[in-house]
Amino acid sequence: MFDFSMRDTIAAPATAPGQAGIGIIRMSGAKAEAILKTVFIPKKVSFPLEDRRLTLGVLSDQGNMIDECMAVIMRAPHSYTREDVVEFQLHGSPRAMKQTLDALIRQGARPAEAGEFTLRAFLNGRIDLSQAESVMQLIRASSDRAARKALSQLNGGTSSFVSKIQDRLTNLLAHLEAAIDYPEEVEEELTEQELADGCRDIAESLSACVNEQALRLQESGLTVALCGSPNAGKSTLLNALLQEEKAIVTPIPGTTRDIVSGDIYLDGCLVHISDTAGLHESADQVETIGISRAMEAARQADLVFWLMDGNDPAASPPPPGFPPCSILYTKGDLAQRIDPPAGSLVISAETGEGLNQVREIILSRIRDIGETPLASRRHMNLCREAADALRQAADAFSEGIPLEFGAVYLHSAMDLLSGITGTRADEALLSQIFSQFCVGK
Ligand SMILES: Nc1nc2c(ncn2[C@@H]2O[C@H](COP(=O)(O)OP(=O)(O)OP(=O)(O)O)[C@@H](O)[C@H]2O)c(=O)[nH]1
Ligand SMILES: [Mg+2]
């Protein structure tokens, strides 16, 4: 559990564990500068160290030298946490890192909990809650797109979306309070209609952002499944898209049994492509399991391609009940023995024909899924609940129930939205969010 009092001075490695060129240890809190003086001896200057300037010196613990290192102090409030922050850059040896941390603790610091530096930045008002969450997302970002999204949130993207909605709500509430307090001066019927419309409009704006698929795309990329009969050319297409001989290709039907996957980046978006076992009736136990996995992959995917061998007159279309898919006619370099309907896409993994169009279909799926200014499931749930509250308010206004009832729903929508930026967050929620961070951030 976090200590929300911020009395302690905290310390932790800011770089990942293991051997590396350098390792950074960060310390934040009122005693940071005093502790620095007990473990660090600058080489060419004397204390106090100049603010935000790297200084070469020696780290030692009770007279025993640990390492030569660079130290920097960033005095409050111009630091990540808005407290005094000291960072040591030493050689990235796990031994030196541990000894340094032990020395800092001996001098009065305590090990930081995961996310505690960012928690302090939040508690000290340097960033709001959605920005704090974006720090974690930036660290975890698996693609340029995810990183761009986290950066825009860090720069206040989500906060500014929320605050625009809150402004519209405040405006409605002002009208509402006027109608409640001075009923004789407001033409009631019109006002109630206006209030109901205003609530529904805002609910629409919120609902438009509740796009779980867009969120999943941001977080973990687009999933694409390659399906079709045995020998249709699925593994060959996977290899061509990945530009790597990832899956085994042979002329023997039923070569692929398990799912073989690989990642590519299209337009900065991570695309996770899965090659699957050929779908057909099979008595082979291993193949049957592969086929059921292939069906599952198709059901779970954001985009499914069904491949048909244009050279095979018996090539089969997707079976009944198969999820919606784009059909690709393969082996375009060979004699075409089936007649694809007009407008179908013929590809050849051998010559590269049609592969750009395959990438284009993937990109257009990404565009269709769209983006959302919200950056976590938590934000989406709050927006969904706020939209529900606003619809209830709208119904109350339309039904002519006393205005006070609608006002309750409006206030509750306002509270829910405050939860995104954290103006009303409680300690349990903060602990839950910040404990997902890594130590040292
Ligand atoms: N000429 C030509 N041959 C192809 C092309 N694509 C695949 N093949 C051949 O077709 C055969 C089957 O290809 P695979 O990619 O293994 O087919 P698959 O759909 O993965 O087959 P299973 O794993 O058995 O379900 C291999 O001999 C490939 O070399 C193509 O575009 N042109
Ligand atoms: Mg295969």
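Visitor: Which residue in E7 is the bridge partner of Ala11?
Guide: The partner of Ala11 in E7 is Pro111. This is a predicted model, in which local features need pLDDT of at least 70 and side-chain atom pairs count only at pLDDT 80 or more, while totals for chains, interfaces and linings use all residues. Residues are numbered from 1 along each chain as its sequence is written, chains are lettered from A and ligands numbered from 1 in the order in which they are written, and side-chain values use heavy atoms, with hydrogens and water left out.

Visitor: What makes E1 and E7 a pair of strands?
Guide: A strand here is a DSSP run of E with at least two residues, numbered from the N terminus, and two strands pair if DSSP finds at least two bridges between them. Strand E1, residues 10-13, and E7 are joined in the parallel sense over two bridges, so they meet the requirement of at least two.

Visitor: How many bridges join E1 to strand E2, and in which sense do the two run?
Guide: Four bridges join E1 to E2, which covers residues 20-28, and the two run antiparallel; in this pairing Ala12 stands opposite Arg26 in E2. Six residues lie between the strands of this hairpin, and Gly18 there takes a positive phi near 110°.

Visitor: What does Arg26 stand opposite in E6?
Guide: Arg26 stands opposite Glu87 in E6, and E2 is joined to strand E6, residues 85-92, by eight antiparallel bridges.

Visitor: What is the order of the open sheet of seven strands?
Guide: The order is E3-E4-E5-E6-E2-E1-E7, and the pairing is mixed.

Visitor: Why are E3 and E7 said to stand at the edges?
Guide: Strand E3 (40-42) and strand E7 (110-111) each have a single partner strand, so one side of each is left without a neighbour in the sheet.

Visitor: How do you know that E4 and E5 pair, and in which sense?
Guide: Seven bridges join E4 to E5, which run antiparallel, and Leu56 stands opposite Met70 in E5. Their hairpin has two residues between the strands, and Gln62 in it takes a positive phi near 50°. E5 also pairs with E6 in the antiparallel sense, over five bridges, and there the partner of Ala71 is Phe88.

Visitor: What is the order of the open sheet of six strands?
Guide: That sheet runs E9-E10-E8-E11-E12-E13, again with mixed pairing. E9 and strand E13 (345-346) each have a single partner strand and stand at its edges, so one side of each is left without a neighbour in the sheet. Within this sheet, strand E8 (residues 222-228) pairs with strand E11 (residues 303-309) in the parallel sense over five bridges, and Leu226 has Phe305 as its partner in E11. Strands E9 (residues 260-266) and E10 (residues 269-275) pair in the antiparallel sense over seven bridges.

Visitor: Which residues come nearest to ligand 1?
Guide: A residue is near a molecule if one of its heavy atoms lies within 4 Å of it. Of the 22 residues around ligand 1, those that come nearest are Lys234, Ser235, Thr236, Gly254 and Asp333.
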